[in-house]
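Hi there,

Here is the model I promised to pass along. Have a look at it first, and my notes follow below.

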Amino acid sequence: MKTLVIYLMCGARTPELAEAAVEGGADIVELGFPFSDPLADGPVIRQAGERALAEGMRTTACLECLAATRGRVDVPLIPMTYASLLEAYGYERFAGDATAAGATSLIVADLPVDAEAGVRRVQLVAPTSTDERIALAAERTDGWLYLVTVAGTTGPRESVSPALQGLVERARAVADLPLYAGFGISTPEQAAAAAELADGVVVGSGAVEVAIDGPAALHDYVSLLREAVDSAAPVSS
Amino acid sequence: MTAARTYGEYGGRYVPETLIPALDELETGWRDALADPTFRGELEELGRNYGGRPTPLTLAERFAPGKRLYLKREDLLHTGAHKLNNALGQAVLAQRLGKRRIVAETGAGQHGVATATVCARFGFDCVVYMGAEDMRRQAPNVERMGLLGAEVRPVEFGTKTLKEATSEAIRDWITNVESTHYLIGSCVGPAPYPEIVAGLQAVIGREAREQILAAEGRLPEVAVACVGGGSNAIGLFAGFVDDTEVRLVGVEAAGAASLGAGRTGVLHGSRSSLLADEDGQVLDADSISAGLDYPGVGPEHAFLRDSGRAEYVPASDDEAIGGFRRLAETEGIIPALEPAHALAKALELEEELILVCLSGRGDKDLAEVLSR
């Protein structure tokens, strides 16, 4: 069974949207805590972040959003954000308060694996990562390893990156952990193709775009992704 | 090594994992270059025969009557600002690394022009990201970059200034990291960039120290420079930081005082002092000078501030315009609006022997000043 991870930006409707995503078949939900200068994000998530900040989604409001979402769904919830928020809030305090609000782990897009080792989080590796750094990320990651499929920012692409296969092979060689692929996966076809290689897929920008149309639209979109992911052949390792 | 905060608690590498190998490669390339006499030789030759180094030291007697106020004339460097020192050095570095595509950000356009210039000289492809608001304020530099063969990509979101242009340049670099060198324009960004830029701008302080010793037989009592990201200041200070009797003063734009009014945070890959709210969201800077209109600052300046070795003071838009006009009227030198902040504050100092870095010339700012 492959894992489907859906990313949503924190906002007033997020608990309701997360519930729809889970009913549609999401196994894990990432919750974006918006940052003013998100270096790892393409236009879709950047703009969603701008809207969220304009609505007042600061750290405290995002933690409340996380708790409200926890009240509606049982799947793992993972805040995804940037170092500046943790720097301001306090790294340990942020991790502690997020856990108290129902977070399962944490992703910090601009915090490399060898920084702030005390904050346990899901580590990211990229096609450019050396084998040495993939091994370090595998050792320190929290539960699963996030494979960034492309050299680039988040956002829809034409097709699944050809770099994913090599990255999966290199990660498998050093990591006995689930490998979930993200960045540039937005269609059911792409989700199926990525799920053939990895243990799961992360869909961010695609879900954020559909979420604008509300829970029903998101539910249907996630259902299609679920079907696609389930159609993938099991990993032969 | 990656997590090392290079300047006390400041600096580091706060970037997506994708970039870490490129930063490692850059760091190794920089160390190799520093140890290679041919690198230094090539830089010196380019600085002398292409850039116009050494730049003169000018005594400004009518600007500061009763004082011995010297201007380090980076405005006379090719392209009209100190930015060329860094752009030339990083171009040689990019060539050593085998990168033939360059991306850069620019605020006032001076770094964009310097980058476009060296790319023309080295035959590199060049993309410069510039905020749409800055393109309006600094139109002559946009035209200059086009003439030099660079592609200027407008950044239409957020503040439409240097902050967003820098983010977009970094996003481009993340996407094209195998082929591309990011030619950052100031002593900001993830390690090793602050160190590289400071190292390449140190020529300002090195020359100024020799020149003022030759002219006055002693060191200046105070060295003054404007601070946006802080590269001309860090270059000037480098010549005097070990001379503890020399006071070091950085002048920030009052509406962009990352050091005077900032808090510790993370922006564009490093931990430093920046204009941010209590949640770590970066605030907009506001300055008449596009080159100082940036909410962050190089991590070494934050370190120098905390250690007390350098002090940082604000100058308002009006004060900068005052300095701009006064230098034009008394010395026949039209400064850029950025160093005009330093000029304004230098006039208020009690010291007698004063060194000011005149980091660039003001042709680009005429329309902005005359419209006031």
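Let me start with a strand pairing: strand 3 of chain A and strand 4 (residues 107-108) of chain A run parallel and are joined by 2 bridges. Strands here are DSSP runs of E with at least two residues, helices are runs of H or I with at least four residues, and both are numbered from the N terminus; two strands pair if DSSP finds at least two bridges between them. In this pairing, Met80(A) sits opposite Ile107(A).

A word on the source: this is a predicted model, where local features need pLDDT of at least 70, side-chain atom pairs count only at pLDDT 80 or more, and totals for chains, interfaces and linings use all residues. Residues are numbered from 1 along each chain as its sequence is written, while chains are lettered from A and ligands numbered from 1 in the order in which they are written.

Strand 3 of chain A also pairs with strand 2 (residues 28-32) of chain A, in the parallel sense over 4 bridges, and there Leu31(A) stands opposite Pro79(A).

How many residues of strand 3 of chain A are buried? The count is 5 of the 5 (residues 77-81), so the strand is largely enclosed by the rest of the structure. Buried means that 20 or more other C-beta atoms, placed from the backbone, lie within 10 Å of the residue's own. Leu77(A), Pro79(A) and Thr81(A) cover one side, with Ile78(A) and Met80(A) on the other.

Finally, the contact between chains takes 30 residues from chain A and 30 residues from chain B (C-beta atoms, placed from the backbone, within 7 Å). Helix 4 (83-89) of chain A gives the most to chain A's side, with 5 residues.

Best wishes

Technical notes:
Two residues are in contact if their C-beta atoms, placed from the backbone, lie within 7 Å. A residue is buried if 20 or more other C-beta atoms lie within 10 Å of its own, exposed if 12 or fewer, and partly exposed in between; C-beta atoms are placed from the backbone.
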